[in-house]
There are 2 protein chains.
Amino acid sequence: MLSKKYRSMLGNASVIMELAAFASARAREIGAENVFDFSLGNPSVPEPRAYDDALVSILTHETGKSAHGYSQGLGNREARERIAESLNRRFDMNYGAGDIFMTSGAAGALAHAIRLVAQPGDEIVTFAPFFPEYAPYAELAGCALRVVPARTEDFQINFNALDEIMNPRVQALLINTPNNPSGAVYSAETLRQLADWMFAKEAEYGHELWLISDEPYREILFDGQKPVYVSKFYPRTLGCYSFSKSLSIPGDRAGYLAVNPACGESRTVAQMAVQVSRGIGHDSITAYVQRAVAACCDMTSDFSVYERNMNLLYGELTALGFSIVRPAGTFYMFPAALEPDAAAFCRKAARHDLILVPGETFGVPTHFRIAYCTDTGKVERSIDAWRKFVRAEY
Amino acid sequence: MLSKKYRSMLGNASVIMELAAFASARAREIGAENVFDFSLGNPSVPEPRAYDDALVSILTHETGKSAHGYSQGLGNREARERIAESLNRRFDMNYGAGDIFMTSGAAGALAHAIRLVAQPGDEIVTFAPFFPEYAPYAELAGCALRVVPARTEDFQINFNALDEIMNPRVQALLINTPNNPSGAVYSAETLRQLADWMFAKEAEYGHELWLISDEPYREILFDGQKPVYVSKFYPRTLGCYSFSKSLSIPGDRAGYLAVNPACGESRTVAQMAVQVSRGIGHDSITAYVQRAVAACCDMTSDFSVYERNMNLLYGELTALGFSIVRPAGTFYMFPAALEPDAAAFCRKAARHDLILVPGETFGVPTHFRIAYCTDTGKVERSIDAWRKFVRAEY
């Protein structure tokens with residue numbers, strides 16, 4: 001018989017996808033240039049030319065097993081060596097190729113990470129605002145996702161609220177910094193405090209806790225900041241990375257799970273990820289994509305447009321009376337709506353062709369997300385719509 | 001805490017991978033040309049040139065979202081349309097793009113198929129000899145894999161043995177034709193008999209049964225045979241296909257799940273597969289790989305070397321006294337060993353630098369697998385080793 005579980009999920013269409021569909025339909029009516037679609041987190045800047053060159057070079061000069069043969073269980077060895085070397089050099093880490101497991105983006109990395117450290121019946125704690133797909137990631141692995149309410153003044157961690165939710169069934173904490181949807185970046189101080197808190201809880205419960213770090217926006221930082229590398233702070237960290245945003249290649253499905261060697265058995269954990277893969281049919285990713293992302297793992301796309309858009313929107317919207325935690329990175333911001341129900345607020349905005357995502361889907365129903373991965377001209381042209389919208393409705 | 005389940009799997013290294021490692025080590029000692037490694041099912045013929053051309057064309061002429069943007073949940077729409085059209089034309093089917101779900105090879109398709117039709121606690125029936133990864137596919141989805149003993153005289157279905165294993169907890173039958181490791185192809189008569197048997201069991205149990213058809217070797221057929229398309233025979237069939245063997249691109253990880261429209265709700269089932277994906281982090285595959293395999297879905301590599309190798313080995317080995325069901329396709333054969341314990345037989349063969357896989361791993365401990373996806377010169381040179389081996393040991 002067909003699975004009732006997956007059938008029942010069909011009703012819950014993604015709010016973001018529905019909004020994107022509405023925006024597309026409206027664009028056909030009045031022209032795409034007149035719809036200010038801030039719904040989707042789809043990179044708007046091109047990939048580095050070197051990335052396409054790396055792919056084309058492999059596909060032009062190699063054939064058969066060399067270009068198209070199976071990868072090893074962990075992934076292509078040279079790709080993993082290059083990635084480990086890059087992480088070690090940039091973040092003063094100590095990874096070996098055996099600590100890196102190539103995955104289908106951060107989604108693949110997270111699916112493996114959860115299965116590595118949590119069994120059905122366990123709990124995983126995350127922090128609002130959070131990426132909505134965390135819920136199926138946890139629940140379809142048989143785990144409950146517990147959400148710590150947001151600290152809306154700065155989107156750092158609300159430790160009192162974390163204390164209240166914490167219990168011995170929790171096996172892992174799942175964090176996302178730089179954060180989708182808020183653009184907040186956890187400070188070194190926040191991460192140090194989190195690590196101390198986790199050490200204390202491990203001692204109290206008498207079992208290990210794992211930190212799952214979802215970090216696809218690691219390199220998209222504003223004001224010339226350098227990345228704070230989460231795994232530096234806590235030994236039992238599973239770093240879940242994606243090249244989707246750093247190289248603007250979400251369709252290529254490339255990422256990795258990096259097991260912190262400080263945990264003491266990182267090689268074993270990485271090999272266990274290969275076993276997880278046997279159950280979920282993940283079985284590595286396109287071999288030459290692995291090699292090309294590794295060749296470009298020290299590069300990024302040009303992110304200056306995201307920072308320009310952020311500054312423009314932040315300035316204009318705060319002037320219009322919005323309360324916003326200024327993003328430190330990503331291509332999102334997460335202002336408070338101008339009425340308590342952000343869903344109603346977003347419906348009114350849509351009447352002015354401003355397509356915004358209500359915050360309920362991220363666990364904060366009073367706020368809304370703006371994805372400003374679009375050209376600056378469009379952001380500039382949207383300002384007038386923002387002004388008219390606020391004047392007309394509030 | 002780290003998962004005990006996945007840790008416990010670490011001990012069970014794949015017999016095939018161990019043999020391949022042994023063969024590599026021996027090759028470093030005496031030269032690769034002197035080791036007759038028949039262990040791995042890795043295509044030895046090159047991919048069609050048109051496939052690389054399709055990839056290079058996309059990567060050279062397109063940039064940003066066009067080449068590297070997200071795919072839809074089911075996969076790239078044009079790719080799915082082309083694949084559906086090809087299946088309809090070649091096999092007189094009635095697929096729409098909405099019935100095709102792009103996957104990471106047949107492994108990805110099988111992982112989805114099992115979750116679509118079986119819940120934890122259910123059973124899945126397969127037929128010896130079978131691909132050993134079926135066990136983790138089923139068991140890590142919480143299901144038990146029940147194995148019907150082989151009908152060694154022709155490797156068609158042993159219906160009496162199937163009757164004995166069948167029970168109401170079984171939700172799906174998993175077949176693989178053309179078969180790895182036997183090279184047997186189910187006849188239309190076998191498939192018709194299987195469908196009738198399944199209809200009768202559905203009536204008896206009062207619940208639907210699904211047929212999961214693992215068909216990566218669909219086009220590798222000998223003696224000018226045409227494929228027998230499994231879904232033609234039974235409405236509730238989930239076709240699990242891979243381009244790994246047909247285009248010789250196992251490292252590209254491209255395949256699809258084709259839901260038979262005759263089941264009456266194929267669109268729903270395909271959309272349910274997208275939901276399964278949300279839990280296992282599968283999230284589609286490389287976008288331009290989807291487009292390139294679809295552009296080449298009517299082509300195959302040149303398989304003539306496999307047929308030449310099969311005829312050569314079949315002739316020589318039967319002359320040496322081996323009992324073999326002559327393969328009708330694939331690049332495998334599965335002879336009976338010359339002593340009851342095929343593992344002992346394979347250890348003796350390894351002393352003569354013939355690397356063969358004992359059949360226990362496929363559920364038939366009296367037989368062994370030869371993977372003859374290698375150049376014909378090597379097969380020819382191996383004949384002397386076969387003769388010496390048989391003369392010396394038996």
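Chain A carries 38 positive and 45 negative side chains, and the centres of these two sets are separated by 3 Å. The model is a predicted one. The accessible surface of the chain amounts to about 14,000 Å², and carbon and sulfur atoms contribute 50% of that area.

The overall dimensions of chain A were examined next. Along the principal axes, its C-alpha atoms occupy a box of roughly 60 × 60 × 55 Å. The radius of gyration is 21 Å, which agrees with the value near 21 Å for a compact globule of 394 residues. Of the 394 residues in chain A, 64% are buried. Among contacts in chain A with a separation of 6 or more, 75% are made by residues 24 or more positions apart. The secondary structure of chain A comprises 14 helices and twelve strands.

The relation between the two chains was then considered.

In chain A, the peptide bond between Asn180(A) and Pro181(A) is cis, with an omega of about 20°. Pro181(A) is placed in the loop that runs between strand E5 (170-176) and helix H9 (188-205) of chain A. In chain B, a cis peptide bond leads from Asn180(B) to Pro181(B), and omega is near 20°. Pro181(B) lies in the loop between strand E5 (170-176) and helix H9 (188-205) of chain B.

Positive phi values occur at two residues of chain B that are not glycine, Asp92(B) and Arg253(B). For Asp92(B), phi is near 55°. This residue belongs to the loop between helix H5 (77-91) and strand E2 (100-103) of chain B. With a relative accessible area of 60%, Asp92(B) is exposed, because the cut-off for that class is over 50%. For Arg253(B), phi is about 55°, and the residue is located in the loop between helix H10 (243-246) and strand E8 (255-259) of chain B. Arg253(B) has a relative accessibility of 8% and so counts as buried, the limit being under 20%. Thus Asp92(B) is exposed, whereas Arg253(B) is buried.

Definitions and conventions:
Residues numbered from 1 in each chain as written. Chains lettered and ligands numbered in written order. Predicted model: local features only at pLDDT ≥ 70, side-chain atom pairs only at ≥ 80, totals over all residues. Heavy atoms only, no water. Helix = DSSP H or I, 4+ residues; strand = E, 2+ residues; numbered from the N terminus. Rg over C-alpha atoms; globule rule 2.2 N^0.38 Å. Buried < 20%, exposed > 50% of the residue type's maximum accessible area, 1.4 Å probe, protein only. Contact = heavy atoms within 4.5 Å. Areas by Shrake-Rupley, 256 points an atom, 1.4 Å probe, with all protein chains shown as cover. Lys, Arg positive; Asp, Glu negative; His and termini not counted. Charge placed at Lys NZ, Arg CZ, Asp CG, Glu CD.
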